Amino acid sequence: MQLELRHLQAVCRIAEAGSLGRAARRLGVSQPALSAQLRRIERVTGGDLFVRTQHGMEPTALGQFVLDRARRVLSEMDALGSEARAMTAGAPLRLGCILLVLLDGLLEQTDLLMTEEITVDLEHSVTALARMLGTGRYDVIVYGEVNDHEVPLPEGATGRTLIPKEPFAVRMSALHPLAERPAIELADLAGELWMSLVEDDDGGPEALVEACARVGFVPSLRHRITDRKMHYSLIARGRAVALSQPTAPGADGTVMRPLAGAPITGRIRLAWNRSAVSARQAELLYLAAARAYLANVDNNAFHRAWWDAHPELHPAATTV
């Protein structure tokens, strides 16, 4: 693992907050996720960065060294983003996105609805997306949140929920013993190996662990693969199962099934810098994302039925 800006930000937040719990809330991640991230950072830096005292988490000598340089790097990155943006009037709108199902359709819809040039970058960390929105790296971000997890937005940003709730499904091999069932009880997946496509800061792993705990087991989160083709191939061969957006398309050798009772749900949100994106542009981006999502609702019959039964969750606008 190499240190990334989000790791430096985590070190700074822990030092500022004085506790993992408060730092986790400020970063919008769970305390166990932040604790695990800190351990990974400490493996890279070669030693403990913090020690627990009666006054809370305090940096060690190594921690203070890393902290001083982290603050310097983050300050330089903030200045770089804002100053570069100020020099490029008329530059394209920059969109950052997690690998959501609606991404391809979103790009098609923005081409149809907007005259502005739009550049797109993919990120695997929601925390990184929000941070880069704050530094001016992105003008707009599209991202997901799972269950009660909320991504804190930087100052100057406005957020809008596109899809307030969608029930996650499970993707499994078409040869899996449960594949013929119309819906899967989460308890029946005890003992399975689970795979994820994304980083651990959207609330997904924690939501899965909590949901599984309620039905009596601890999931084995063994695989984390960002390559979608390999992800589907391993599932098709029966090596793992995975949570999936209910709008996800089919893949050879796999099936999608809803989880009974919808124990894990997601939200899809947009956020933008008010200084870089006009109200009209924000409305068109929302509309483009709404149309892109609606184009995928029929990918799975079970989701179409659920969607039709919940009109209160439909996007607020579907016409210009």
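In this predicted model, the charged end of R160 sits over the ring of Y286, 3.5 Å from its centre; such a placement requires NZ of Lys or CZ of Arg within 6 Å of the ring centre and within 35 degrees of the ring normal. Residues are numbered from 1 along each chain as its sequence is written, and side-chain values use heavy atoms, without hydrogens and water. Local features need pLDDT of at least 70 and side-chain atom pairs count only at pLDDT 80 or more, whereas totals for chains, interfaces and linings use all residues.

Five strands form an open, mixed sheet in the order β4-β3-β5-β12-β6. Helices (H or I, at least four residues) and strands (E, at least two) are DSSP runs numbered from the N terminus, and two strands pair if DSSP finds at least two bridges between them. The edge strands, β4 (118–122) and β6 (157–167), each pair on one side only. β6 runs antiparallel to β12 (residues 265–273), joined by eight bridges, and E166 stands opposite G266 in β12.

Helix α9 (residues 279–294) packs on this sheet, touching β3, β4, β5, β6 and β12, and its direction makes about 15° with that of β6. Contact means heavy atoms within 4.5 Å; axes are lines fitted to C-alpha atoms, for helices over the stretch in contact, with angles from 0 to 180 degrees between N-to-C directions.

Y293 is buried at 1% relative accessibility, and W307 is buried at 2% (buried: under 20% relative accessible area, 1.4 Å probe, protein chains only).

Conventions. Buried < 20%, exposed > 50% of the residue type's maximum accessible area, 1.4 Å probe, protein only.
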